[in-house]
Amino acid sequence: MATETLTLGKALNTGLRRALENDPKVVIMGEDVGKLGGVFRITDGLQKDFGDQRVIDTPLAESGIIGTAVGLAIRGFRPICEIQFDGFVYPAYDQIVSQVAKMHYRSQGKVTIPMVIRIPYGGGIGAVEHHSESPEAYFAHTAGLKVVTCANPQDAYVMIQQAIASDDPIVFLEPKRRYWEKGPVELDAPLSGAYPLHSARVVRPGTDATVLAYGPMVRTCLDAATAAAEDGRELEVVDLRTLSPLDLTAVYESVRRTGRCVVVHEAPGNLGLGSEVAARITEECFYSLESPVLRVTGFDTPYPASRVEEEYLPDLDRVLDAVDRTFGW
């Protein structure tokens, strides 16, 4: 089986290429996705190889991109929309919530909307205002949408293809600060045998506490687990991977074994994904918990200027501090 070391960004590019090769109804559309290859070069070379009728440079009009894609999806295409930066998605929010999420329900199941909305999200790249947001809770809260996020190159390569093949509309969140991190990717593995798209996964086994994360924070939590191991404490790290629907089977199993849990994400804590996860764990694992489920999140403020973003983003020390507090009860 062919395995190559790729960056997460290159893994996404390769996965998009496979999808274009395998299905002539797959089209990519967005601002600068064609000739430029995208701001982060995720679509680099695709317009050259597949033409400007399948990799389409659009006007700077996010609502128009999504609205056009809805029409294409209804007519049998599988559009992939790129939102250039997370903070630019809000002009398209009306289309996503009012049309994309509701069309299947509104048509009594007669119409499917097989489209993927790719959104680079999160901070850590020193960007300016509106370029470092974490909007996942808006979409996870919306019935009719599925929301997933990858954390490593292997998942990026497989999950983007699985999302494109799905008949459901999927918001595909890409952790932009991890685009350049490398990892092994099995390029020849059949999708039919791949890990399910809407399933969480234990990425580091442990016995003393469960740490839950997704997207850009998975690497941070793995680093925290490595640091904790030097002090003799084994943390189990779970990558949620799917935010809607949530898959908490592996989470419950882990918490019942460890008795402690910390949920980590970049988005603000108020009404964030961590709140829902913590509530469900408390409902299902109450008698196994040795301490309350704690959260490590961004702060409840607008995303700060880049020079102070490292003070805003959860880091290894904040994760380890929360783990320590779970042992203080």
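Biologist: Starting with E236: buried or exposed?
Modeller: E236 counts as buried, because its relative accessibility is 2%. Buried means under 20% relative accessible area, exposed over 50%, and partly exposed in between (1.4 Å probe, protein chains only).

Biologist: What sort of model is this?
Modeller: It is a predicted model, where local features need pLDDT of at least 70 and side-chain atom pairs count only at pLDDT 80 or more, while totals for chains, interfaces and linings use all residues. Residues are numbered from 1 along each chain as its sequence is written, and side-chain values use heavy atoms, with hydrogens and water left out.

Biologist: Back to E236. Which residue forms a salt bridge with it?
Modeller: R257 does, with the closest N and O atoms 2.6 Å apart. A salt bridge here is a side-chain nitrogen of Lys or Arg within 4 Å of a carboxyl oxygen of Asp or Glu.

Biologist: Where do R257 and E236 sit in the chain?
Modeller: R257 is in helix α9 (residues 249-258) and E236 is in strand β11. They are 21 residues apart, and the pair links distant parts of the chain. Helices (H or I, at least four residues) and strands (E, at least two) are DSSP runs, numbered from the N terminus.

Biologist: And R257, buried or exposed?
Modeller: R257 counts as exposed, because its relative accessibility is 51%.

Biologist: How many salt bridges are in the whole structure?
Modeller: The search finds 18. One of the pairs is R118 with E174, at 2.5 Å from N to O.

Biologist: What does the R118 and E174 pair tie together?
Modeller: R118 belongs to strand β5 (residues 116-121) and E174 to strand β7 (residues 170-175), so their bridge ties together parts 56 residues apart in sequence. R118 and E174 are both buried.

Biologist: What about D155? Which residue is its salt-bridge partner?
Modeller: R241, with the closest N and O atoms 2.9 Å apart. D155 is in helix α7 (residues 153-165), while R241 is in the loop between β11 (235-239) and β12 (242-244). The two are 86 residues apart, in distant parts of the chain. D155 and R241 are both buried.

Biologist: Which residues are linked with R17 in a network?
Modeller: K48 and D49. Salt bridges link the three.

Biologist: New topic. What does S199 touch?
Modeller: L240, R241, T242 and D247, leaving out residues up to four places away in sequence. Contact means heavy atoms within 4.5 Å. So R241 touches S199 and also bridges to D155.

Biologist: Where is S199?
Modeller: S199 is in the loop between β8 (182-186) and β9 (201-204). S199 counts as buried, because its relative accessibility is 15%.

Biologist: Which residues touch I42?
Modeller: Beyond four places in sequence, they are G9, L12, N13, L16, G37, R118 and Y179. R118 is the residue bridged to E174. I42 itself lies in the loop between β2 (26-30) and α2 (46-50). I42 is buried, at 3% relative accessible area.

Biologist: Last one, L20. Where is that?
Modeller: L20 is in helix α1 (residues 8-22) and is buried, at 1% relative accessible area.
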